[in-house]
Amino acid sequence: MVFKRMLGAFGVGAPSVDTVLATPRVQPGGSLRGEVRIKGGDFDADIEYVALGLVTRVESEHGEGEQIGLVEFFRTQVSGPFRLRTAEDRIVPFQLPVPWEAPVTEIAGQRLHGMAMGVRTELAIAKAVDKGDMDPVEIEPTASQEAVLRAFSQLGFHFKSADLERGRIYGVSQQLPFFQEIEFYPPAQYSGQINEVELTFVANPAGLDVIVEADKRGGRYSSGTDAVGRFQLTHEQALQVDWAAEINSWVASLSQHHGGSHTAGHDPYGQYGGHHGGHHDSHHGHHGGGPGLGGIAAAGAAGVVGGFVAAEAVDEIGDFFEGEEGEEE
């Protein structure tokens, strides 16, 4: 895919830039390879740097409202200073590492509704910075994540939507300031017990946290509550688990619990050790005593490159997130 755009911040006759991805699909923990192709304009230009960033759309709850904005959650400089001569062609190869916690955007070749991910090219000339067009990229699940997703399909769960929530999950070692929720409608056999299930992965090089949250149906004289289950495994262990049986067993156990957090088995690191008490976040409707996804602490800007920007204020990439992904070759 090639995206062409004159660098408008530098005026007429300025350099142009194309970003070409050799690997438009990648797994968490992998690397995107490609090159930035820069074409000199009508004058010599002193390039200060060329940088690439991974950008996605994140929801943030504040007060009584919700804001959808853009977060650049990983950034790397692929070139330092150089002089670009008039009409010169310059190619900058790159290898962009993808964080292990990067959200999944595509499963079995199907894009998840609600997800969008892109690589943004930034070029600086004489203190002026131009953020070029977005090059879309798809994040596919790791083998360990795919094993869990396959089980949901085997049990008859139907995909509803996916989004990214700004915040941190209580008790989980998390590097990014947001987490993904993949939402499923339950199959008929669970319809009397739960309204929907949300699945979250938090991965790292050593293993995987799997967090499942069920919105339990309320009875005739009671309101529904949320229940959270956690599994923590190495990637290798995750491939050996009968996830369909684990998930089915967890859903069946919900009728024996009155909400809160339930820690499932497979805890090789010994960090969770049974039922949790502690903070819960009422705006997610969690009435139980356990944390899980209900225990989301407000996340600051630490670790967010570029911070959280209102989507409507970012004109140059607004179309990308509306599905108008530019010119492809």
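The text below takes up the cavities, the pocket, a helix and a strand in turn.

The model is predicted: local features need pLDDT of at least 70 and side-chain atom pairs count only at pLDDT 80 or more, while totals for chains, interfaces and linings use all residues. Residues are numbered from 1 along each chain as its sequence is written, and side-chain values use heavy atoms, with hydrogens and water left out.

**Voids**

On a 1 Å grid over the protein atoms alone, a cavity is a set of points where a 1.4 Å probe fits but cannot get out; a pocket is an open set with protein on both sides within 12 Å along at least five of seven lines; lining residues have an atom within 4 Å of a point. Grid points are joined across faces, edges and corners, and a volume is the space filled by probe spheres set on the points. Five cavities of 30 Å³ or more are found in the whole structure.

| Largest cavity | about 100 Å³ | E101, A102, P103, Q180 and F201 |

Two or more of them come from each of strand 9 (106-107), strand 10 (110-111), helix 1 (143-154) and strand 16; helices (H or I, at least four residues) and strands (E, at least two) are DSSP runs, numbered from the N terminus. Helix 1 gives the most, with four residues. The largest cavity is lined by 14 residues, and strand 16 (178-185) and strand 17 (194-203) each supply at least two.

**Helix 1**

The 12 residues of helix 1 should span 16 Å, and the end C-alpha atoms are 16 Å apart, which agrees; the expected span is 1.5 Å times one less than the number of residues. Its buried residues (under 20% relative accessible area, 1.4 Å probe, protein chains only) are S144, Q145, A147, V148, L149, A151 and F152. After helix 1 comes G156, with a positive phi near 95°.

**Strand 2**

All six residues of strand 2 (residues 16-21) are buried, so the strand is largely enclosed by the rest of the structure. In a regular strand the side chains alternate between the two faces of the sheet. Here S16, D18 and V20 point one way, and V17, T19 and L21 the other. Strand 2 pairs with strand 4 (residues 31-39) in the antiparallel sense over six bridges, where pairing requires at least two DSSP bridges. R37 in strand 4 is the bridge partner of D18.

Terms used:
Buried < 20%, exposed > 50% of the residue type's maximum accessible area, 1.4 Å probe, protein only.
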